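Here is a friendly walk through one protein chain, meant to be read with the structure open beside you. Take a moment to turn it around before reading on.

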Amino acid sequence: MTDVGSALNPLRVAIVGAGPAGFYTAEHLFRESDLAVEIDMFDRLPTPFGLVRAGVAPDHQKIKSVTKVYDRIAQQPNFRFYGYVEFGKDIHLDDLKTHYHQICFTTGAQTDRSLNIPGEDLLGSYPATEFVAWYNGHPDFRNNHFDLSQERVAVIGVGNVAVDVARILCRTPEELAQTDIADHALEALRHSRVKEVYLLGRRGPAQAAFTNPEIKEMGELLDADVTVLPREARLDLLSQADLEKNPDKSTLKKVEILQEYARRQPAGKSRRLTLRFLVSPVELIGDETGQIQAMKLVRNELYATEAGTLRPKPTAEYETLPVGLVFRSVGYRGVPLPGVPFNDDWGVILNEKGRILKSEPRQPVTGLYTAGWIKRGPSGVIGTNKPDAAQTVRCMLEDLNQGHILNPIHAEVEAAKNLICRRQPRYISYNDWLRLDELEVTRGKKQGRPRLKFTRVEEMLAALGQET
Amino acid sequence: MNVKNILAIKGRNVITIGPDKSIKEAIALMDAQNIGALIVLDEDQQLVGIISERDIIRAFVRREDVLSLPVSQLMTTKVITGVPQDDIHSISNLMTEHRVRHLPILSNGQLVGIISIGDVVKRQRDTYKGEVDTLQTQLMGEA
């Protein structure tokens, strides 16, 4: 036990989830000098990178270049990627405990938060996360269908995901054809009859979560006019006072851009993107076939908490907005993993600084760790996962030094490989992924696009020469 | 980034003390737990105050027999509290303006955790690091 981490007895770590948090965890472990470590990373999809591949918008290619960092990590000799291997289906907690000294869960937030309003499940009402996964070619959403023949679409939320959805709906087919958007989505969007897109924020312009580069992009769309209602662009007294007391350059700029949009004259473009503030949906209204027709909105006003955070509260004023398609973009939410203690209130694994805790009594569970969104909740940007993973790895190393690690009877790398081969003979290695990557890029080149994605697991396996 | 994201990693273990306990017991508890403040709960587990190192030091200047006093005599009773939805900017402004270093967090009137100035500093540092990292990657096209 004491010499785990030495060359003759390397530390065996399993990382479940191949997104940014998983890769940064591996990176921090590799950075530790005097530590011999062998890492196996699992993902239920054949392709790695999590939301960098399936979440970042197709017209934001530069953000995706972070994968070069993950490539370097993955190509270390003591790193193995096992794609298309699902925790809870192909391998289980007991398997991992008998093969690894430490296990880190970095599974992210797979589902969406609900609004909990009547009509949320009407036809035509979807989580934005599904639309995003669909247009980014996530195999689980390949067969989803969105009625883009509707002229009026509302996106509930004003974070960057909401803005991505609105922007993609407002892009021309020519603009989209230059991106790595999934082909089936490109085709569907080519025939889109969407004319009016609304982004609905429950607080005011100063509080909206979208960031300035994203807001600016909305004002530069080729064929969509952006607009804000003048009365909603005006700051309320509380926001004004807050900004005067704590003048934040970024917020001042945000408000400036939004107020400019309120003054803009429409240039007669084909589509119109309207940013609404201080409104919350209270009901989605459908027709007799269960198809959405409109949404009832309540107007909000802001109040300050004791700590000074400006929060919305409803007034008695309502309005009805006719819409045929609604995307709710009010956050992602984590999904519990079998055998792993979960904090249901907040949708995260029960943990302290990344050490997974059992609930009664609250104590660390030996050998189990977590990092990323499933640890702290869906917040921050890609890079936020780096210091997050660093904290978890510090705990892992402290525990290793004190001998608080699992006692795997099959710690050899080959033993794990044999188990995985038995459970999922069609697993994808990192070299397999590199081959898929090359194929996607080559196919894309022929069409002047960064890549042409495979969107079905069968296609990927076939491309690798594995028969289904 | 809000209080919820800090509490998710920190846990809900809030160290508390009764109002009738002595200052001597209070400082022993702070020392044992390596913290700077204790939440004061009455016998019905209601929040009645907060006592910090600073309160004790200030009292000590005026009277040296401070150790035998009950917590209730030195504690701050007008406790500023937060909610899980509070964002880090507001909390950090509040702590700066009101010179408080600990904020009990209530959800539906229940104590669910405590945020210290140390938590805020760490979160801001990590947020800053994360954003700079991401921006640099974007600007340079690779990391």
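This is a predicted model: local features need pLDDT of at least 70, side-chain atom pairs count only at pLDDT 80 or more; totals for chains, interfaces and linings use all residues.

Let's begin with the overall layout.

| Domain of chain A | Residues |
|---|---|
| domain 1 | 11-110 + 334-428 |
| domain 2 | 113-332 |

The C-alpha centres of domain 1 and domain 2 of chain A are 33 Å apart. Where they touch, 10 residues of domain 1 are in contact with 14 residues of domain 2. On the domain 1 side, seven of these residues are nonpolar, one is polar and two are charged.

Next, the interior. In soluble globular proteins, nonpolar side chains tend to be buried together. Here the largest nonpolar core holds 84 residues, and Val13(A) and Ile103(A) have the most contacts inside it. Beyond its sequence neighbours within four places, Ile103(A) is in contact with residues including Ala14(A), Leu96(A) and Tyr369(A). Another core, of 59 residues, lies apart from the largest one, and Ala57(A), Leu189(A) and Tyr261(A) are among its members.

Now for the hairpin. Strands β11 (residues 279-286) and β12 (residues 292-304) of chain A run antiparallel and are joined by seven bridges. Glu283(A) stands opposite Lys296(A) of β12(A). Five residues lie between the two strands, and Gly290(A) in this hairpin has a positive phi near 85 degrees.

Finally, have a look at Ser429(A), in the loop between α16 (413-423) and α17 (430-445) of chain A. Ser429(A) counts as partly exposed because 14 other C-beta atoms lie within 10 Å, between the cut-offs of 12 or fewer for exposed and 20 or more for buried.

Note on methods
Residues are numbered from 1 along each chain as its sequence is written. Chains are lettered from A and ligands numbered from 1 in the order in which they are written. Helices (H or I, at least four residues) and strands (E, at least two) are DSSP runs, numbered from the N terminus. Two strands pair if DSSP finds at least two bridges between them. A nonpolar core is a set of buried Ala, Val, Leu, Ile, Met, Phe, Trp, Tyr and Cys residues joined through C-beta atoms within 7 Å. Two residues are in contact if their C-beta atoms, placed from the backbone, lie within 7 Å. Domain bounds come from an automatic or database domain assignment. Ala, Val, Leu, Ile, Met, Phe, Trp, Tyr, Cys and Pro count as nonpolar, Asp, Glu, Lys and Arg as charged, and the others, Gly among them, as polar.
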